[in-house]
Structure formats: structure tokens, C-alpha cells
Amino acid sequence: MSVPVVWHPACGLHDAGPGHPERPERIAAVLAALRAPAVASQIAWVEATPAGRLPIAAAHEAAYLDRLEQLAAAGGGALDADTVMGPRSWDAALAAAGVALQAVEQGIAHGTAFGATRPPGHHALADRAMGFCFVNNVVVAARHAQRLGRARVLIVDWDVHHGNGTQALVERDASIRFVSLHQYPWYPGTGAAAERGVGNVFNVPRPPGLPRATYVRDLLAAVDAALTGWRPDLLLISAGFDSLAGDPLGGFTLEPEDVTQWTRALRERVAPAPVVAVLEGGYRLDLLAAGAVATVQALA
């Protein structure tokens with residue numbers, strides 16, 4: 001079957017400046033890889049509509065969104081040492097959130113979907129940008145799914161960095177469960193196994209350099225724990241490909257084949273619930289592209 005791949009050209013407009021790892025070439029590499037002849041027949045392209053403020057406000061404070069919009073309108077500037085807005089970054093953030101929203105709708109309609117979101121989102125807090133992230137796309141998507149009747153949402157995050165923003169936004173809400181495999185200790189310093197929320201947080205902190213199979217086993221074991229006595233109505237994946245071996249910002253040993261394996265395993269575990277992936281990190285372009293292709297093919 002074909003997988004809806006949701007995108008928007010404005011996701012390429014965010015520019016944090018020369019030398020920044022979260023660069024426009026990232027989304028270009030993903031889209032080019034998914035348009036290659038070997039993959040194209042498995043994909044149905046869907047262009048999203050940029051998000052309005054209302055669905056984003058389900059995850060973020062209005063005053064914070066005002067600050068982002070005003071900073072971009074003034075030409076941009078640094079929000080922290082790592083997170084910089086340019087004049088078109090707000091347009092990109094709205095487009096990425098719109099991609100996440102449309103990916104949920106496509107996933108519910110067709111069973112699976114992939115959202116080519118950029119900038120990434122899983123570090124963004126309710127009132128603070130950090131870690132290259134402005135809007136928490138996966139939480140915006142989860143709240144949209146709930147508005148559409150998917151009351152219980154499982155979020156699985158395999159980015160090499162802990163999704164601290166996602167955890168902070170959902171850890172007091174038992175209707176959402178959050179599983180995160182991440183390098184630890186590593187940026188942003190959160191994600192210890194003892195962080196359990198209201199029993200809905202399942203962190204898998206691991207050191208770099210372990211055998212590939214260990215990471216795969218431990219992520220799936222945490223998912224199994226999250227699914228004990230609880231069935232989701234939709235699965236959202238924070239698909240970060242900085243967890244692949246060779247990424248400059250991580251030290252995991254995973255290969256694209258591992259992404260394929262655990263995506264298929266996740267689909268089997270939550271069936272018949274829809275499975276929707278949204279893009280997070282990944283900073284070596286060839287690995288980022290290979291990871292995106294592996295995910296989409298496993299969703300097909």
C-alpha cells in the first residue's frame with residue numbers, strides 16, 4: 001500500500017545561520033530521498049496547510065507563541081545558545097505543525113502516515129523554545145488526534161536526545177503514554193528511568209556504543225510495558241535519525257535496518273490503531289535520508 005507523506009515547502013524556510021546543524025538541507029535531503037524512483041511508488045504525497053494558532057495552543061501558552069511570532073517579524077534572534085529564529089522561522093514552525101496535524105488525519109484515514117516536519121519539536125516546552133525546537137509537533141498532533149476521537153495516544157520517541165518537552169507536556173495526563181529511548185547522560189540531561197509521570201512515562205536511558213540489538217530490544221520492551229493493560233487508539237512516533245551510527249550529535253550504533261525492524265514491530269503491537277511518524281532530529285544528511293526511507297517503507 002502507499003503511505004501518505006505529508007509535507008509543506010515552508011518547512012525549508014527556517015534558517016538558524018551558517019554552520020548550524022539544523023539546516024534547510026535536512027528537509028531537502030528527506031524529500032529527495034522519498035522522491036527517488038525506488039520509493040516513489042510506495043508514497044502518496046499530501047501538501048499540508050500551515051497550522052493556525054488554536055491547535056498549537058493545545059500545547060503552548062499564547063504569550064510564548066506571541067513572542068515567537070514577534071521575534072521572527074523583527075528579523076529573528078537567539079532564543080538560547082542552540083535555538084535561533086530567522087525571519088521566516090515562524091512560517092516554518094506553522095508549516096511543520098500543519099504537517100503534523102495533517103499527518104494525523106491521513107493516518108486515521110489510511111492506517112499510516114509520515115509527516116516531514118521541520119523544525120523538529122520534541123524539546124519545545126509550553127513556554128520555551130530549546131534544542132532547535134519551537135513548537136512541539138508531536139504533542140500538537142496528539143491533541144489533534146484526541147479531538148478527532150482517538151482518546152488514548154501512545155508516543156514513541158527514538159531520537160537520540162530525550163524528548164523533554166514532550167514528557168513535560170504529557171506527564172500528568174494518563175490518556176497519553178510516552179516511551180523514549182535516548183542517550184544518557186546527554187543533552188538535555190532529562191529522561192532518567194525514575195521519571196515516570198503519573199505512571200505514563202517509560203524512559204529508556206542508555207549509554208552510547210551498545211550493540212544495535214540491545215537498543216532495539218530495550219525500546220520494544222519499554223513499549224510492551226507501556227501497553228500492559230492499556231491499548232492506544234493511535235501511535236505517534238517522534239522519528240529522530242540522530243540515533244543512527246555516525247550522526248555527529250549522538251553515539252548510538254543503530255542502522256536503518258533497525259528502524260525498519262522496530263517500526264514493523266510497533267505496527268504489529270498496536271494494530272489496528274493507526275501509526276503516524278513525524279520527523280525530529282538527524283544531522284548527517286545521508287543517514288537522515290536513509291532513516292526516513294526505512295520508516296516510510298516499514299509503514300507501507
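## Packing of helices H8 and H9

In this predicted model, helix H8 (residues 212-226) packs with helix H9 (residues 256-270) at an angle of about 15°, and their axes lie 11 Å apart. Axes are lines fitted to C-alpha atoms, for helices over the stretch in contact, and angles run from 0 to 180 degrees between N-to-C directions. H8 is therefore roughly parallel to H9, a description applied to angles under 35 degrees. The crossing of the two helices is right-handed, that is, the near helix is turned clockwise from the far one by less than a right angle.

H8 contributes Arg212, Tyr215, Val216, Leu219, Leu220, Val223 and Asp224 to the contact, and H9 contributes Glu257, Asp258, Gln261, Trp262, Ala265, Leu266 and Arg269; contact means heavy atoms within 4.5 Å. By class, eight of these residues are nonpolar, one is polar and five are charged. Here Ala, Val, Leu, Ile, Met, Phe, Trp, Tyr, Cys and Pro count as nonpolar, Asp, Glu, Lys and Arg as charged, and the others, Gly among them, as polar.

## Basis of the model

Residues are numbered from 1 along each chain as its sequence is written, and side-chain values use heavy atoms, with hydrogens and water left out. Local features need pLDDT of at least 70 and side-chain atom pairs count only at pLDDT 80 or more, whereas totals for chains, interfaces and linings use all residues. Helices (H or I, at least four residues) and strands (E, at least two) are DSSP runs, numbered from the N terminus.

## Helix H8 and its surroundings

The 15 residues of H8 reach 22 Å from the first C-alpha to the last, close to the 21 Å expected at 1.5 Å a residue; the expected span is 1.5 Å times one less than the number of residues.

Buried residues of H8 are Thr214, Tyr215, Val216, Asp218, Leu219, Leu220, Ala222, Val223 and Ala226, where buried means under 20% relative accessible area, exposed over 50% and partly exposed in between (1.4 Å probe, protein chains only). They pack against strands S6 (153-157), S7 (176-183) and S8 (201-206) as well as H9.

## Arg267 in helix H9

Arg267 is found in helix H9 and is partly exposed, with a relative accessible area of 27%. Leaving aside neighbours within four places in sequence, Arg267 is in contact with Met1, Thr112, Val275, Ala298, Leu299 and Ala300.

## Glu22 in a loop

Glu22 lies in the loop between strand S1 (3-7) and helix H1 (25-34), and counts as buried at 0% relative accessibility. Beyond neighbours within four places in sequence, Glu22 is in contact with His14, Arg118, Pro119, Pro120, Phe132 and Tyr283.

Technical notes. Angles under 35 degrees count as roughly parallel, over 145 as roughly antiparallel, 65 to 115 as roughly perpendicular and the rest as oblique.
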